[in-house]
Amino acid sequence: MNASILCDQSEEFVFGVVERFRQVEEQLENAIGGQIDAVLGVNGQPYLLRTAQGRLLESVAAERRASQLHSSIINALPAPVALLNAAGVIVAVNQAWTQRAAHSRLGPGCEVGRRYVEVCGLDLHATLSEVERAQLGINQVLIGKIDQYTQEYSCSSECGTEWFKLVVSPLQSGITEGAVVMHVDVTDQKTAELESRTHAAFPSYNSHPVLAFSKGGRLVYRNRAATHLLEEFGGEILPADLHASLAECLTSGCGKLLETKLGTRTLSWSFQPIPDEEIVHCAATDVTELLSLEAQLRQSQKMETVGQLAGGIAHNFNNLLTVVIAHASRLSAQSSAPEIVLNSAARITEVAKRAADLVRQLLAFGRRQVMELKSLDLKIVLESTATILRQVLNADIAVRVEWPPNLPCVRADHMMLEQVLLNLAVNARDAMPEGGELVIRADAVEVSTLEARQQQGGSAGEFVRLTVRDTGCGMTPDVLAKVFEPFFTTKDVDKGTGLGLATVYGIMQQHGGWIEVRSELGRGTTFQIYLHRAPAPPVLVAEAENPSSQPIAVVPADARILLVDDEPLLRGVVIQILEGAGYEVVAAGSGPEAIQCWLARGGDINLLLADMQMPGGMSGRVLAAELRRWKPELPVILTSGYTGEMVGCAASLGSKDAFLQKPYPMEKLLDMIRCAMQRVDGR
Amino acid sequence: MAANSPNSVRALTNLRAICRNYFNDQPQIEIVDVLEEPHRALADGVLITPSVVRISPSPPRMILGDLSDVKRTLVILDPQQEVTLQ
């Protein structure tokens, strides 16, 4: 029977058949209690009962809705997800998986139906052992042995290394069983972890101690350096008022610097609050060396200032002493004067010379003494000094002078070095009123950078060391700290000037060397001076001819001298002396004035005697150069009480120039004038 | 079973629970969907779903419905065994 035939039957017939059908269904349901879904005809044709049909349709629709919902959720996941059946074969994948597969060696759309492990090995560049581990994990989830399996792995491509986390969970849906496999990209997390590990290494491997304290003072972090320090010294390394400082930092939100003493060392702590975490970071630096350098710098600046001051005073003082000496020598020259006058003049000359010595020492300290550095054989200096010392020192002081064979030469000024040794020896003598031993020793040493840094003015390299050691009373640390300061003395007022060691200090600085001192009360004092070695052995040069030993030339009657000095008192007395000696003198107070005098005389001047420093912007040297433009053969004598500019500048003086250090005896001035004139005449 | 019809799904769930709770998961269950394999069902004399046919041990026994009556189900499946019902 087909549908068209059925439609031809009468309406009554159709209703009757349907009614019978309904009654049969009802009887069936009544018989079995509404628990059946389908019946089979004898020909094997299954018939689904109406109620079951309706419910099945509903459940199919509901399943479809749920399935759509689930696939939306799964597709929304950014991570590639695959569903595996019980055999580990991929039955479905989400969009993220499809997209990833499309860009992989696998190609799009060919992953479904393949075993997951093959795909994973191909696609994710995983190593064999990683694939094997994954296989094992997935199997355990598939057989229900574990609830979840995770595994991290990395894969490298031209874009860099990516990190993934494989998450396998069991899948139970109705009668099918399998697993959900998800690949979560954890590259960002891994990179951040790596970065944070790298950052954590900074404090951890820092060679300075780093600690962190909580608000309550609990130690929450310490690096290796801090651990070592804490093991060695314990809590001593921290500032005493730690808790107060921590609280203060956190309250104010500002950092704080603190210092702690650790035996002879000093630690500088920097406290930095991190208010959000309520902790304080504390980092320490060992500043011992820095503090010592600071102290050295302060001391050296002080000495420099005092030196400049002393040099300045000496300059003016030398001018005045020249006047004093000149007047005294004029008095002495008066043979008709009463004896008392001559005696006084002699005393004035003597005292003025002593004053000049004092000034010379001041200049040496202020490093303004004219210095002649040359390669010097120390043995000669030591021998001559030893001879003097044995004569000068009391018999109860034994003098021992030692040097090794092959002692290198030094770069030094002979006279100055002798002065250094004498000053140190005198100091030693005064420290040994009861007698003792004075040892002067020379040896060649090499100074490392580290050793050099510990000494004021020290430098690394090869040196010759001169040691002057006494067995005297020694010095207290207080005295030791001030020993090189000028005018500092422990001797009675009339016994010491306080310039001896200051002079030694100045001379050593001028030589580019330095001096070290060690002393112990009651045991004695050791001074050590370091001099640069000289590259070449000294060349013996015949001593310069002493002008005074030359036969006195006849002074030409018409010899005219241009005298230029800004000190009127000095001008006055020098004019008198020179005129007394038969010269005609033209005097000027400055360079420009001297040029006017020159022009007024039409250049008829035989010698220029000029001070090197004068107000008015023209020095003696510049003046000499100006005048030589008109008269190149003009003899010049330059004088100065302030000879700093002479150091290293001697070469710039012309061969016709002579230099006369103030204060000078009048005889020496006259000698030099004669000598200069004679040289010109001899040409 | 007739696909995922409500009574059929209920019957399967109940059968699994009974196997787990009273037979220590020992019985092997074969599932036949009559909508897909009607002749396979007829071969075992099944005319109505859901039905459970105990094939072994013989003689075969059959039970109809969603198996919600656990006591009756147990009696039919294993009349020899004395089962204490909760």
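Hi everyone, thanks for coming. Please keep in mind that what we have on screen is a prediction.

Let's begin with chain A. It has 683 residues, and buried ones make up 29% of them. DSSP gives this chain 20 helices and 24 strands. If you take the contacts in chain A with a separation of 6 or more, 58% of them come from residues 24 or more positions apart.

Now for the nonpolar cores. The largest one has 86 residues, and A:Leu562 and A:Leu608 have the most contacts inside it. Which helix gives the most to this core? That would be H10 of chain A, residues 288-333, with nine residues.

Next, a sheet in chain A. Five strands form an open sheet with mixed pairing, and the order is S14-S16-S17-S19-S18. Strands S14 (397-402) and S18 (514-520) of chain A are at the edges with a single partner strand each, so each has one side without a neighbour in the sheet. From one strand to the next, the twist averages 15°.

Inside that sheet, S17 of chain A, residues 461-470, pairs with S19 of chain A, residues 524-532, through seven bridges in the antiparallel sense. As one example, A:Arg469 has A:Thr526 in S19(A) as its bridge partner. Helix H13 of chain A, residues 414-431, packs on the sheet and touches S14, S16, S17 and S19 of chain A. The direction of H13 makes about 30° with that of S17(A).

Finally, let's see where the two chains meet. Here 21 residues of chain B are in contact with 16 residues of chain A. On the chain B side, helix H1 (6-22), helix H2 (38-43) and strand S1 (48-49) each supply at least two residues. Which of the elements gives the most to that side? It is H2(B), with four residues. By class, the side of chain B that touches chain A has 13 nonpolar, seven polar and one charged residues.

There is strand pairing between the chains, too. Strand S1 of chain A, residues 38-40, runs antiparallel to S1(B), and two bridges join them. Look for A:Ala38, which stands opposite B:Thr49 in S1(B).

That's my tour, and I'm happy to chat about any of it!

How values were computed. Residues are numbered from 1 along each chain as its sequence is written. Chains are lettered from A and ligands numbered from 1 in the order in which they are written. This is a predicted model: local features need pLDDT of at least 70, side-chain atom pairs count only at pLDDT 80 or more; totals for chains, interfaces and linings use all residues. A nonpolar core is a set of buried Ala, Val, Leu, Ile, Met, Phe, Trp, Tyr and Cys residues joined through C-beta atoms within 7 Å. A residue is buried if 20 or more other C-beta atoms lie within 10 Å of its own, exposed if 12 or fewer, and partly exposed in between; C-beta atoms are placed from the backbone. Two residues are in contact if their C-beta atoms, placed from the backbone, lie within 7 Å. Ala, Val, Leu, Ile, Met, Phe, Trp, Tyr, Cys and Pro count as nonpolar, Asp, Glu, Lys and Arg as charged, and the others, Gly among them, as polar. Two strands pair if DSSP finds at least two bridges between them. Axes are lines fitted to C-alpha atoms, for helices over the stretch in contact, and angles run from 0 to 180 degrees between N-to-C directions.
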